[in-house]
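Subject: Structure handover

Hello,

Here is the structure I said I would pass on. Please open it next to this message, and my notes follow below.

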Amino acid sequence: MANDHLFDLTDKAALVTGASRGLGKGMALALAKAGCQVALNARTAESLKETAQEIQRLGQKALVVAGDVTDETQVKEIVDSAHKAFGRIDILINNAGVWEGTFFFRLSKSDWDKVLSVNLTGTFLVAKAVARIMMKQRSGKIIQMSSVQGLRGGPEAFAYSAAKAGIIQMTQVMAIEMGPFGVQVNAIAPGLFYTDMTKEYIADEEALKAYLARVPSRRYGQPEDLAGLVIFLASKASDHITGQTIVIDGGQSLV
């Protein structure tokens, strides 16, 4: 039996949060290259302009739906706009997130609240709004962005690790509850990737050298390294996979 169609996303509609840069932008472009039309979300429309233009140059439709994922009213507007424009939402990449790293005994409550609000509550609110559409469609793929630091703690990642661990458990519960409606829900746990969030650490040559010495691949990830995994999880190829957290870290978490 031919399998050429397994990874084809032609005419599928996706919503990607945190799509203005880094991993979100990389995943949005990967979906577009696979044939998907993409609704792009970040706080401001201006920050999404470049991503939208790149998708349009690929010959795909790009819709900018700016808004705050921590505000339930705005989330409804974001999701409704994407649904109205495309007529359906087949794929959700729940990617919006912030860092605010420091030792837990120095972490302010305001920074704790910010990280949990964006990374965990925002993920919940967007997933909830999209889930209702997918359940009516009786099909859909939800991909949540966790982290290897949601699986094992690291210094100065107290709030971030707590939120990313929460996403893993959220993903499992969603998979159980949405499975009967034909919706698969999985999480991705990246290791160190080059993004605006990590570029200062990567610029520290001594720290980076020590880190890479412990990583089997001897390198950090680039946004395009996520492309294959995202397309797999968004496509028919993963129809019998749900509730899983897939690590993509060059072997970082093995040692």
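What is the volume of the second largest pocket? The volume is about 260 Å³. A pocket here is an open set of points on a 1 Å grid over the protein atoms alone, where a 1.4 Å probe fits and protein lies on both sides within 12 Å along at least five of seven lines; lining residues have an atom within 4 Å of a point. Grid points are joined across faces, edges and corners, and the volume is the space filled by probe spheres set on the points.

Before the rest, some ground rules. This is a predicted model, in which local features need pLDDT of at least 70 and side-chain atom pairs count only at pLDDT 80 or more, while totals for chains, interfaces and linings use all residues. Residues are numbered from 1 along each chain as its sequence is written, and side-chain values use heavy atoms, with hydrogens and water left out.

Back to the pocket. Helix 3 (72–86) and helix 4 (109–137) each supply at least two residues of its lining. Helices (H or I, at least four residues) and strands (E, at least two) are DSSP runs, numbered from the N terminus. Among the lining residues are E72, K76, D80, H83, R132 and K136. By type, the lining divides into five nonpolar, one polar and six charged residues. Ala, Val, Leu, Ile, Met, Phe, Trp, Tyr, Cys and Pro count as nonpolar, Asp, Glu, Lys and Arg as charged, and the others, Gly among them, as polar.

Next, the cores. A nonpolar core is a set of buried Ala, Val, Leu, Ile, Met, Phe, Trp, Tyr and Cys residues joined through side-chain atoms within 4.5 Å. Buried means under 20% relative accessible area, exposed over 50%, and partly exposed in between (1.4 Å probe, protein chains only). The largest core has 33 residues, of which L31, V38, L40, I188 and L226 touch the most other members. Elements giving two or more residues to this core include strand 1 (13–17), strand 2 (37–41) and helix 8. Helix 1 gives the largest share, seven residues. Another core, of 28 residues, lies apart from it, and V69, I78, I89 and M178 are among its members.

I188 is in contact (heavy atoms within 4.5 Å) with residues that include I143, L226, L229 and I248, leaving aside neighbours within four places in sequence. L229 lies in helix 8 (residues 227–234) and is buried, with a relative accessible area of 13%.

Strand 1 is largely enclosed by the rest of the structure, because five of its five residues are buried. A13, L15 and T17 point one way from the strand, and A14 and V16 the other way. Strand 1 and strand 2 run parallel and are joined by five bridges; two strands pair if DSSP finds at least two bridges between them. A13 stands opposite Q37 in strand 2. N41 is also in strand 2 and is buried at 1% relative accessibility.

Finally, two backbone angles to look at. Most residues other than glycine have a negative phi. D11, in the segment before strand 1, has a positive phi near 70°. R218, in the loop between helix 7 (205–212) and helix 8, has a positive phi of about 60°. D11 is exposed at 62% relative accessibility, and R218 is exposed with a relative accessible area of 51%.

Regards
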